[in-house]
Amino acid sequence: MNPSQRQAFFERLRALNPHPKTELEYSTPFELLVAVILSAQATDKSVNLATRRLFPVACTPQAILDLGVEGLSGYVRSIGLYQGKARNIVATCRILLEQHGGEVPADRPRLEALPGVGRKTANVILNTAFGQPTMAVDTHIFRVANRTGLAPGKTVREVEERLLKRVPTEFLQDAHHWLILHGRYVCKARRPDCAACPVADLCRYRHKTPAPDGGARAQRPARPPRGEPPRRR
Ligand code: SF4
């Protein structure tokens, strides 16, 4: 994709959704941090169901520390890998209180030093809570970046670095939300909805899903193309 195509790509996504937001529910950087830690390998919907019960009871590091791992587990039990996540959140709360005055730090090194916080989580917090133009590459962004030719890469880090270089500056702040939502609802993993895609003419994917009326004929790839998970038999 050349620079003018990349510009058009994001102009169209912006026109459809001028102020994209995370689908995780939160009202403070700390609540966002807890929700993002919980969301690893889980849906935003399942996290929201849990945090709607948790946050009215405990929405500060001290309150969650007081709940303890067992108390917190009672609220997040419906989320995959909840035991490890509960342990990490409680340990994170302790560090926030002991080292950061109970506040979520706004820089990468101190965020990534928190239990349960990797590069992607730090990118989400820096972008969504602190307004920094970071690129949190998840499975959706990885797939969209590779399929479309926007920023192809073999690793998440490679895609992140290419996106940071190639996304026009005016779109950098919101780009990761547009790409996640596009991947979640249109450019889906198993059957992308190419007929309804606003950027189909810019996209380089060779195996587009044909329109229901039999429009463009898509060939089924022999192997999963780059950016898709392996198919289960
Ligand atoms: S045309 Fe299809 S493959 Fe390309 S971005 Fe749109 S939905 Fe995804």
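**Confidence first**

I checked pLDDT (the predictor's confidence in each residue, from 0 to 100) and found that the protein averages 91, with 91% of the residues scoring at least 70. Over residues 216-233 the pLDDT is below 50. Where pLDDT is low, the predicted coordinates should not be read in detail. This is a predicted model, where local features need pLDDT of at least 70, side-chain atom pairs count only at pLDDT 80 or more, and totals for chains, interfaces and linings use all residues. Residues are numbered from 1 along each chain as its sequence is written.

**Helix 3**

Next I looked at helix 3, residues 44-54 (helices are DSSP runs of H or I, at least four residues, numbered from the N terminus). I found Val-47, Ala-50, Thr-51 and Leu-54 buried, meaning 20 or more other C-beta atoms lie within 10 Å of a residue's own C-beta, placed from the backbone. Seen down the axis of helix 3, the buried residues fall within an arc of 95 degrees (using directions from the axis to the C-beta atoms), so they line one face. On the other side, Lys-45, Arg-52 and Arg-53 are exposed (12 or fewer such atoms).

**The ligand**

Then I asked which residues are closest to the ligand.

**Domains**

Last, I noted domain 1 (3-17 + 136-196) and domain 2 (29-129), with bounds from an automatic or database domain assignment. Their centres, taken over C-alpha atoms, are 27 Å apart.

Notes: Near = placed C-beta within 6 Å. Contact = placed C-beta atoms within 7 Å. Helix = DSSP H or I, 4+ residues; strand = E, 2+ residues; numbered from the N terminus.
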